[in-house]
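Below are my notes on the model you sent, as numbered points. Please read them with the structure open.

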Amino acid sequence: MPAILFRSENDSPEEWAERLEERIPGLDFRIWPEVGDPDDIQFALVWKLPSGALSGLPNLRTICSLGQGVDHIFADPDLPEGPRVMRIVDPWMGRAMAEWVLLNVLRFHRLLPEYEALQAAHEWKPMACPETSKRRVGILGMGELGNEAAESLISLGFDVSGWSRTEKSIFGVTSYFGADQLDGFLARADILVCLLPLTDETKDIIDADLLGKLPKGAQVINGGRGGHVVDEDLIAALDSGHIAGAALDVFRIEPLPPEHVFWGHPKVLVWPHVSAPTNADSGADQIADAIHKTFAGEAPDNLVDRARQY
Ligand code: NAP
Ligand code: GLV
């Protein structure tokens, strides 16, 4: 049988070997850098690759991300051109992200940071909170995750808009698309949620210019990638008061270095990249199916467009 090559910075190879061998008895599972005969490798299962880890594998057909994002694959300057790139697309992860977005939107909407500060000062100070239909939430990225988050927000009555590359028709969501419509989208985002993939087009998108186009007092929630945010620009916008708060799950360097300003910033909530983790059971089912298809010479599901990088 052909072999699969595993490489992850975060996940246990032994656990993944066990899960996949349960589903594919006799699977030849190799852990990078113990590649063995490179001719055997047809499938690579990866999360954050050292550059060049997948070069020199002449029969590699599929590179699969151990998560929903694929930026870590395209970050390899020596990525071989031939193999297809695919990812997990898991409704369970969509629901987890929707839950996290909802939690952070409600935290800002119901003034939780303010009440926590008041409690610390032993102060009793009721404040007005608008109804959800008056709170405008804008979601950057209306794919698998953006859609699910939008549905959850709509169910609570929030005024939701989304920005994507192509136009969307989603019940209850005002669709903005393309670079030309970004400013209009930003002007009505009291709470901005980023669920974009990290690509050449979207990197550094949350910079001083974008933040300046949000309404004064807006809040920012990032569940996409750390590379979407220009950290210094966000910190400056928080310090000037133009942006009132940020909840961040992803960072340029992970783990977030102990000296980073975000850790101690009173307006920033730091999450350690936990909003939508890969579900081992449903993820393993999808990956086993993709391995079967690859070994049978068929195209697996959830392929990524290499030119678009997502
Ligand atoms: P997806 O289904 O591929 O959706 C991506 C969305 O972004 C699409 O709506 C796409 O527009 C839009 N988009 C891409 N490039 C754009 C551009 N240049 N301008 C405007 N819109 C653009 O991705 P997904 O599954 O929702 O996941 C999104 C990202 O979330 C992942 O790539 C990953 O980085 C991140 N993520 C984070 C976690 C976590 O735990 N923090 C977990 C999973 C995923 P079109 O629909 O028009 O193409
Ligand atoms: C997590 O960040 C993922 O991309 O699945």
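Ligand 2 contacts

1. A polar side-chain atom of Arg225 sits 2.7 Å from an oxygen atom of ligand 2; a polar contact here is a pair of N or O atoms within 3.5 Å, and within protein one must be able to donate a hydrogen and the other to accept it, with residues adjacent in sequence counting only if both atoms are side-chain atoms. In the side chain of His273, an N or O atom is 2.6 Å from an oxygen atom of ligand 2. Gly69 contributes a backbone N or O atom, 2.7 Å from an oxygen atom of ligand 2. On its own ligand 2 has 190 Å² of accessible area, and the protein covers 86% of this (Shrake-Rupley method, 1.4 Å probe; for residues, only the protein chains shown count as cover).

2. This is a predicted model: local features need pLDDT of at least 70 and side-chain atom pairs count only at pLDDT 80 or more, while totals for chains, interfaces and linings use all residues. Side-chain values use heavy atoms, with hydrogens and water left out; residues are numbered from 1 along each chain as its sequence is written, and chains are lettered from A and ligands numbered from 1 in the order in which they are written.

3. Which residues are around ligand 2? They are Trp47, Gly67, Gln68, Gly69, Met93, Arg225 and His273, where near means that a heavy atom of the residue lies within 4 Å. By class, this shell has two nonpolar, four polar and one charged residues. Ala, Val, Leu, Ile, Met, Phe, Trp, Tyr, Cys and Pro count as nonpolar, Asp, Glu, Lys and Arg as charged, and the others, Gly among them, as polar.

4. Ligand 1 is surrounded by 28 residues, the closest being Arg87, Leu145, Thr166, Lys168 and Tyr310. Backbone N or O atoms approach oxygen atoms of ligand 1 at 3.0 Å from Glu144 and at 2.9 Å from Leu145. The side chain of Asp249 has an N or O atom 3.0 Å from a nitrogen atom of ligand 1. Taken alone, ligand 1 exposes 940 Å², of which the protein buries 93%.

5. The domain assignment gives domain 1 (3-90 + 278-295) and domain 2 (92-270); such bounds come from an automatic or database assignment. Their centres, taken over C-alpha atoms, are 32 Å apart. Domain 1 gives 12 residues to the contact and domain 2 gives eight, with contact meaning heavy atoms within 4.5 Å.

6. The whole structure has zero disulfides (a disulfide being a pair of cysteine sulfur atoms within 2.5 Å). Cys64 counts as buried because its relative accessibility is 0%, whereas Cys129, at 31%, counts as partly exposed. Buried means under 20% relative accessible area, exposed over 50%, and partly exposed in between (1.4 Å probe, protein chains only).
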